[in-house]
Amino acid sequence: MSLTTRLLTLPQVAKIVGVEYRTLHSWLKRGLVRPSAQESSGIGVPNLFSTDDLVHAKVIADLRGYGLSFERLHEAAAKLDAYPNALETGAAVVVNGTVSVVDEDQAAAIIKQESLTLVYNTKYAIRDIRSAVPGP
């Protein structure tokens with residue numbers, strides 16, 4: 001179940017996620033984020049983002065803030081798309097050479113076995129977006 005049904009524009013997403021508009025626009029062009037509700041088809045038709053899209057953007061922003069390369073960010077974006085519950089109920093983004101999105105139990109097992117670069121729980125992004133975008 002999605003956080004809310006509210007749709008937001010690119011400038012609103014940038015403000016909520018805490019990145020500059022130009023940065024988010026660049027990520028849109030690079031395919032790191034995308035509007036699931038409506039893609040712009042020209043002047044007067046804005047990109048419209050769902051709150052799940054905001055969680056996705058927040059995870060990418062946080063991972064970029066932790067120093068991940070654009071190659072790893074693309075990998076994270078693709079893995080988040082393949083694990084939809086990561087944006088709704090939470091999952092762990094595990095970075096160690098490659099990026100994996102796994103449930104918390106799998107993350108705990110990986111942490112015990114490997115030396116990791118980064119473990120990020122998407123529940124932080126979900127919490128931040130829920131507090132920034134109240135329900136309907």
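Visitor: What is the accessible surface of the protein, and what percentage belongs to carbon and sulfur atoms?

Guide: This is a predicted model, in which local features need pLDDT of at least 70 and side-chain atom pairs count only at pLDDT 80 or more, while totals for chains, interfaces and linings use all residues. Residues are numbered from 1 along each chain as its sequence is written, and side-chain values use heavy atoms, with hydrogens and water left out. Accessible areas come from the Shrake-Rupley method with a 1.4 Å probe, and for residues only the protein chains shown count as cover. The accessible surface of the protein comes to about 7400 Å², and the part belonging to carbon and sulfur atoms is 50%.

Visitor: What pattern does the protein follow along the sequence?

Guide: Helices (H or I, at least four residues) and strands (E, at least two) are DSSP runs, numbered from the N terminus. The protein has 6 helices and 3 strands. Along the sequence, these elements follow the pattern α-α-α-α-β-β-α-β-α.

Visitor: What is the radius of gyration of the protein?

Guide: The radius is taken over C-alpha atoms, and the globule rule is 2.2 Å times the number of residues to the power 0.38. For 136 residues the rule gives 14 Å, and the protein comes close to this, so it is as compact as a globular protein of that length; its radius of gyration is 15 Å.

Visitor: Which residues of helix 4 are buried?

Guide: A residue is buried under 20% relative accessible area, exposed over 50% and partly exposed in between (1.4 Å probe, protein chains only). Cover for the buried residues of helix 4 includes helix 3 (51–65), strand 1 (92–96) and strand 2 (98–102). The buried residues themselves are Leu73, Glu75, Ala76, Ala77 and Leu80.

Visitor: How far apart are the end C-alpha atoms of helix 4?

Guide: The expected span of a helix is 1.5 Å times one less than its number of residues. Helix 4 (residues 70–82) has 13 residues and should therefore span 18 Å; the distance between its end C-alpha atoms agrees, at 18 Å.

Visitor: Is Ala61 buried or exposed?

Guide: Ala61 lies in helix 3. Contact means heavy atoms within 4.5 Å, and, not counting residues up to four places away in sequence, Ala61 touches Val17, Val19 and Trp27. With a relative accessibility of 13%, Ala61 counts as buried.

Visitor: Is Thr117 buried or exposed?

Guide: Thr117 is in the loop between helix 5 (104–113) and strand 3 (118–121). Apart from residues up to four places away in sequence, Thr117 touches Val95 and Asn96. Its relative accessible area is 60%, so Thr117 is exposed.

Visitor: How far apart in space are the C-alpha atoms of Lys123 and Gly90?

Guide: Lys123 belongs to helix 6 (residues 123–132) and is partly exposed, with a relative accessible area of 40%. Leaving aside neighbours within four places in sequence, Lys123 is in contact with Thr89, Gly90 and Glu104. Lys123 and Gly90 are 33 residues apart in sequence, and the distance between their C-alpha atoms is 4.7 Å.
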